[in-house]
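Welcome! Take a look at it, then read on.

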Amino acid sequence: MAKDLAKRISRGVIGVAMGLVYYALYVAALPAMFQSIAGLPVELRPPVDPSIALALFIALGVAESIVPAAVGATFGLLSKALGSLYLYCATNGGVVSAAVAGYRVTIDMSILIYVIVAGSVIVGVVDASTQACEGASKV
Amino acid sequence: MRPSAVLVLAMGFAIVALLLPLLVFAIEAKQNPALLGIQINVVALNRSHVALSVTLSYVGTIPLTDARLMAGNRSIDVGDLREGTTRTVTIPLSVSEALNLRPSDVSLRFKIMGIYGVEVRAIG
């Protein structure tokens, strides 16, 4: 009983950590990368408050780790899709602009956003289907 | 190796390859503020028309493609700008058009290595 509870708690902690990783990647690291690579003081427009995004990522991360792997991968896919959507909205679909020395510079980096969004979703789908196949083969 | 790990690796390589031209251009622009020089002169053609002469000079290593200069409702194709390129384009305008032209009506559009569209427009 106690062992089972400890196992569940440890899975929950792993889920929280996974949520934090998704948050760090999609809400902190990738938008910051977009701000710094262009070398411009780009203004980001987060679609929701970052704390709400953090709560969602943690909830999905915990759900992913406590349910059976075959089902959990779906929550992983949801996390990736949510992160991609956040990144797409925060960067205005990859079209960023900034005022520099009396000029307005607009850079269309949408191709990069599409690669990240498509890549995230494809990786999520492949991961989910792999987990589902592994789960089915065990039955 | 899991199929998703292979995909993540491939995606990482694709992102790095896509980022490289933009990264190099941003670094060069930071190091050299005169990377893309724009010089504008107004020359009187006759009593009713003036010529807006725009000289573009580029010293960066990343080619800028499909460069296009916009002045009001006029659009002039500048072509590709490569390292060491200097190109002058002349836009004939009527005097009234030239007088009504605001800085924000003049803009330059180009693509960094044909991938990233950039528009530079004066504020005002």
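In chain A, 32% of the 139 residues are buried, where buried means that 20 or more other C-beta atoms, placed from the backbone, lie within 10 Å of the residue's own. For chain B, the buried share is 18% of 124 residues. Please keep in mind that this is a predicted model, in which local features need pLDDT of at least 70 and side-chain atom pairs count only at pLDDT 80 or more, while totals for chains, interfaces and linings use all residues. Residues are numbered from 1 along each chain as its sequence is written, and chains are lettered from A, with ligands numbered from 1, in the order in which they are written.

**Chain A overall**

- Chain A has four helices and two strands; these are DSSP runs numbered from the N terminus, helices being H or I of at least four residues and strands E of at least two.
- From the N terminus on, its elements run α-α-α-β-β-α.
- The radius of gyration of chain A, taken over C-alpha atoms, is 18 Å, well over the 14 Å that the globule rule gives for 139 residues, so chain A is more spread out than a compact globule; that rule is 2.2 Å times the number of residues to the power 0.38.
- Along the principal axes, the C-alpha atoms of chain A fill a box of roughly 65 × 30 × 20 Å.

**Helix 3 of chain A**

- Helix 3 covers residues 69-90, and its 22 residues should span 32 Å at 1.5 Å a residue, which agrees with the 31 Å between its end C-alpha atoms; the expected span is 1.5 Å times one less than the number of residues.
- Among the buried residues of this helix are A:Phe75, A:Leu77, A:Tyr86 and A:Leu87.
- Just after the helix, A:Asn92 takes a positive phi of about 55°.

**Chain B overall**

- Chain B has two helices and seven strands, in the pattern α-β-β-β-β-β-α-β-β along the sequence.
- Its radius of gyration is 19 Å, whereas a compact globule of 124 residues would have one near 14 Å.
- The box filled by its C-alpha atoms is roughly 75 × 25 × 25 Å along the principal axes.

- Six strands form an open sheet with antiparallel pairing, in the order 1(A)-2(A)-7(B)-6(B)-3(B)-4(B); two strands pair if DSSP finds at least two bridges between them.
- Strand 1 of chain A and strand 4 (74-81) of chain B stand at the edges with a single partner strand each, so one side of each has no neighbour in the sheet.
- Within chain A, strand 1 (residues 95-100) and strand 2 (residues 103-108) pair over six bridges, and A:Val95 has A:Asp108 as its bridge partner.
- The hairpin of these two strands has two residues between the strands, and A:Ala101 takes a positive phi near 45° there.

**Where the chains touch**

- The contact takes 24 residues from chain B and 22 residues from chain A; two residues are in contact if their C-beta atoms, placed from the backbone, lie within 7 Å.
- Helix 1 (3-31) and strand 7 of chain B are the elements that give two or more residues to chain B's side, and helix 1 gives the most, with 14 residues.

Methods. A residue is buried if 20 or more other C-beta atoms lie within 10 Å of its own, exposed if 12 or fewer, and partly exposed in between; C-beta atoms are placed from the backbone.
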